[in-house]
Amino acid sequence: MTEVLVGTKKGLFVLEGDVGSGFDVKARAFPGQAVEYAMRDPRSGRYLASVTSWFYGGRIWATDDPAGEWQEAEGIALPEEGDQSLARIWVIEPGVADGDVYAGGDPGCLFESHDGGLTWSLNRGLWDHPTRPEWNPGAGGLCLHTIVPWPDDPDRLMVAISAVGVWLSDDRGATWRYSNAGIVPEYLPEEAQDAEFQHCVHNVRRSGSRPERLFMQFHGGVYRSDDAGATWIDVGDGTDLPSDFGFPIVVDPADADSAFVIPHIGAEDRTTPGGAVRVWETRDAGASWSPRTEGLPQQNAYLTVLREAFDTAGEGSGLELYFGATSGEVFGSGDAGASWAQIADHLPPVHSVRTA
Amino acid sequence: MALVMLRAPLADLAGGREHPVDGATVKEALVALERTCPNISGWVLDERRTIRTHVNVYVNGELAREETVVGDSDRIHVLPAISGG
């Protein structure tokens, strides 16, 4: 049985089941409220959810039972009497050290917890970075949407911000440096494309078996790094990928040469190309890509899949993949993408999908 | 003292629907409310100490802002705006 946490515009849905026999809605929390992201910390079993009240703002909530009571976490707020207010928390990710959890949000902020997500503090290293006044938001806001710890080393962190780019820290977030070498922001005029930090990174995932390797879905390109994010190379251009635009990307933890993307037509039309839903897979580090379509709608299906709405469970031949669309469908594969089934329909617009 | 009137979920957070507060302006009254009811901190006033966009505050039935003057016996209603989606 797999538990899939689906954050939607109108609440959190906890799905439980397996792709072969189907999923049920085991619980619904935060009815009527936008759940941006939800995860379950594998170390403690605690669930953490980012919930943005239309009226009262964004917060993180914690529970040991998603069908029961949730407790408001403390400290998710920007400095008081400042000139900015927290818009929302986009992502929550366990750290490496016991009790460490990180949360990223808008405006380009990183929060850290050392007690499993109950209390938080703003990471000042990133908040006070001297380049911040030059940061520009993407269409979705100035969002810190990706947090990638380094396995077994709590001091090494990567985060990504739209539309600023990749940031690396080697001292547990005390100091940060941008790291976008090789990424070409073609949405800028040619004379500005060598900008150091105006990069609209959409999502980044690290290989489980080779941590220095990462894959990125960019706003115009799929990239790979083989040096822990120091440099990036385009691995989508010239391949069969129907477009260089998309939001999420995932990898098979057991295969450092693997990645999966769900391309959209482009920035001007963020729907699946040709009215067909296709998950594209590489098993040769991006040299070639193949569509996976069995069980996915191939006609009149114009879906939008957001960057936090694609996740995996397991690995290798047992790899499971799940993604959700803003039209309310959730699809799952129990055979590493070879075949798919719709595991939920008629949900509110899906913001995030995360296996528990 | 003015009286801040709350509805759910704010009333639940604050432990009651009515709260007498000191303050010469709406902002001062809401800050005073946060001091006496810490659970409500950040729910009405954001980090900039401005009233959240989709929250309306009324003084004696008139829509108010942070700088609206508040007098003794005034009733300050805090309500979600007619908005959402």
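This report walks through the aromatic contacts of a predicted model.

## Ground rules

Residues are numbered from 1 along each chain as written, and chains are lettered from A in the order written. Local features need pLDDT of at least 70 and side-chain atom pairs count only at pLDDT 80 or more, while totals for chains, interfaces and linings use all residues; side-chain values use heavy atoms, without hydrogens or water.

## Aromatic pairs in chain A

Over all chains, the search finds 15 aromatic pairs (Phe, Tyr or six-membered Trp rings with centres within 6.5 Å; planes under 30 degrees apart are stacked, over 60 edge-to-face, the rest tilted). One of them joins A:Phe310 and A:Phe323 edge-to-face, at 5.9 Å centre to centre and 80° between the planes. This pair links distant parts of the chain, 13 residues apart: A:Phe310 is in strand β24 (residues 310-313) and A:Phe323 in strand β25 (residues 320-324) (strands are DSSP E runs of at least two residues, numbered from the N terminus).

A:Phe323 also pairs edge-to-face with A:Trp340, at 5.3 Å centre to centre and 65° between the planes. Here the partner A:Trp340 lies in the loop between β26 (330-333) and β27 (341-344), 17 residues from A:Phe323.

How accessible are these rings? A:Phe310 counts as buried at 1% relative accessibility (buried means under 20% relative accessible area, with a 1.4 Å probe and protein chains only). A:Phe323 is buried at 0%, and A:Trp340 is buried at 6%.

## A cluster and two charges over rings

Ring pairs join A:Phe30, A:Phe55, A:Tyr56, A:Trp61, A:Trp70 and B:Trp43 into a cluster. The charged end of A:Arg59 sits over the ring of B:Trp43, 3.9 Å from its centre (NZ of Lys or CZ of Arg within 6 Å of the ring centre and within 35 degrees of the ring normal). Likewise, the charged end of A:Arg156 sits over the ring of A:Trp150, 3.6 Å from its centre.

Definitions and conventions:
Helices (H or I, at least four residues) and strands (E, at least two) are DSSP runs, numbered from the N terminus. Buried means under 20% relative accessible area, exposed over 50%, partly exposed in between (1.4 Å probe, protein chains only).
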